[in-house]
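Please open the model in your viewer and keep the selection tool at hand. The tour below goes from stop to stop, telling you what to select and what is there.

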Amino acid sequence: MKLTDFLKTQKETVFSMEILPPLKGQGVESIYSTIDSLKEFNPAFIDVTYHREEFTFKKHPNGLLEKKSTKKRPGTVGICAAIKYKYDIEAVPHLICGGFSKEETENALIDLNFLGIDNVLALRGDPIKSERAFNPEPDGHAYTSDLIGQITDMNNGVYIDEELSNPNPSDFCIGVAGYPEKHFEAPNMKSDLKYLKQKIEMGADYIVTQMFFNNKHYFDFVDRCRAEGITVPIIPGLKTITTQKQLSVLPRYFHLEIPEELSDAIEDAKTKEAVKQVGIEWGIQQAKELMAAKVPCLHYYTMGRAKTTKAILEKIF
Ligand code: FAD
C-alpha cells in the first residue's frame, strides 16, 4: 500500500522506524529481533537504508597501492522483501543516486516492482569518503530531483529504452528527505526549500526529515514549507541520544544543533545508564509535543537500538 494512502486513513499519529542492512556476511536475525521487539507498536512502515560502495587501498609488497571497492552493507532490496512478506509491514527501500547509473536504477526499480514494494525513499547520497564533493556516476543522477524524474517516468510507463513495446507502468509512492536545519551544502534555507519544492513538483509524495532535537526546528520548517506551497505530509525523523560521544558525532555527521538543556544533562550524567535515561526522557517529551501537534507519523532512526526506542514508545502509545 502507498504510504500516503495509508496515512490518510489514520486519525492518530503512527510510528515507523529505519534500520540498516546487516554488515556483509552477517545474518538477517538482528533485523528480525529489532522488528520483533517493536512490532507490538504496529509500525506503519520500515525504512531500509542503502549504503554505497566504499574504497580502500591495499598495499602490495612492491609498494604499489591497489584501489578496492566494497559494499559493506548490501542487501537493501532483499531485506525489504523479507520484511514485507514475513511481517506484512510495508518496507521502504532507500534508493540513492550515488554509485548508480540510470540503467542500474531502472533495474533496481524493476526488481522492487516485481517484489510488490510500493514505496521508495529517493535520495542523493553523501560524497564517498575519499571525495570532497558528491560526484554522480557518468550516466547517473546528480540530484534527487533527477532520480525522481526517472521514477515518475517509470510510473508513466516510460523506460530508458523508448522502443520497448507496451511497457508496464510502475506505481511507486515516492518519499524524499527534508532538512529542518538546512542541508549542509545549501547556502541558505530559502535555496534548500526551492529544491525541496522541485522534488515535490517532480513527483515526490511525502517528506521524511533529518533528525532534530529541538521541535522548534521542525515546526518552523513545516511552516516555511507550507508558505512555499509544499502541501505533502512531512514526517519528523527522530533519534534517541544514548552516549556522551554522540554530542560531538551527531552534529559533525548530520549538521544539527543539540539544545543546551539536553547536552548539559547528558554531560552531567554519571553513568552510561544515566545518559540513556536522559536521552529517553528527552525523546518522550519531544514525541509528546509532536503528537499534540498531530504530526502524521513519528519516524525513529532505530538502526540497531530497539531498546531505547521501545522505552519511548511504551510511554507515548
Ligand atoms: P538533494 O535533494 O539532491 O539535495 C542535495 C543538495 O543539493 C541540497 O543542498 C540541495 O539544496 C541542493 N540541490 C538539490 N537540487 C539541486 C539543483 N537542481 N541544483 C542545485 N542544487 C540542488 N544517505 C545514504 O547514502 N543512504 C541512505 O539510506 C540515506 N538515507 C537518508 C534518509 C533520510 C530521511 C535523510 C534525511 C538522509 C538520508 N541519507 C542517506 C543522507 C542523504 O543522502 C544526504 O543528506 C545527501 O547529502 C543529500 O540527499 P538529498 O536526497 O537530500 O539530496
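A residue is called buried when its relative accessible area is under 20%, exposed when that area is over 50%, and partly exposed in between, with a 1.4 Å probe and only the protein chains counted. The model is predicted, so local features need a pLDDT of at least 70 and side-chain atom pairs count only at pLDDT 80 or more, while totals for chains, interfaces and linings use all residues. Residues are numbered from 1 along each chain as its sequence is written, and side-chain values use heavy atoms, with hydrogens and water left out.

Begin by selecting D88, which is found in the loop between α3 and β5; helices (H or I, at least four residues) and strands (E, at least two) are DSSP runs, numbered from the N terminus. D88 is exposed, because its relative accessible area is 70%, and D88 has a positive phi of about 55° although it is not a glycine. Most residues other than glycine have a negative phi.

Next, select N42 in the loop between α2 and β2 (45-48). N42 also is not a glycine and has a positive phi of about 55°, and N42 counts as exposed because its relative accessibility is 58%.

Now move to T34, whose place is in helix α2 (residues 29-38). Is T34 buried or exposed? T34 is buried, because its relative accessible area is 7%. A polar atom of the T34 side chain lies 3.1 Å from the backbone oxygen of S30; a polar contact is a pair of N or O atoms within 3.5 Å, where within protein one must be able to donate a hydrogen and the other to accept it, and residues adjacent in sequence count only if both atoms are side-chain atoms.

The next stop is the ligand. Of the 24 residues around the ligand, D126, T144, Y179, D192 and K199 come nearest, where a residue counts as near if one of its heavy atoms lies within 4 Å. Select D126 to find a polar side-chain atom 2.6 Å from an oxygen atom of the ligand, then H94, where a polar side-chain atom lies 2.8 Å from an oxygen atom of the ligand. At Y50, a polar backbone atom is 2.8 Å from a nitrogen atom of the ligand. The largest share of the shell around the ligand, 4 residues, comes from α6.

On a 1 Å grid over the protein atoms alone, a pocket is an open set of points with protein on both sides within 12 Å along at least five of seven lines, a cavity is a set where a 1.4 Å probe fits but cannot get out, and lining residues have an atom within 4 Å of a point. The second largest pocket has a volume of about 230 Å³, a volume being the space filled by probe spheres set on the points, which are joined across faces, edges and corners. To see part of its lining, select α3 (76-87) and α4 (102-114), which each supply at least two residues.

Finish with the cavities, of which a search of the whole structure finds 2 of 30 Å³ or more. The largest cavity holds about 60 Å³ of space, and its lining includes K239, T240 and Y300. The second largest cavity holds about 40 Å³, and K239, T240 and Y300 are among its lining residues too.
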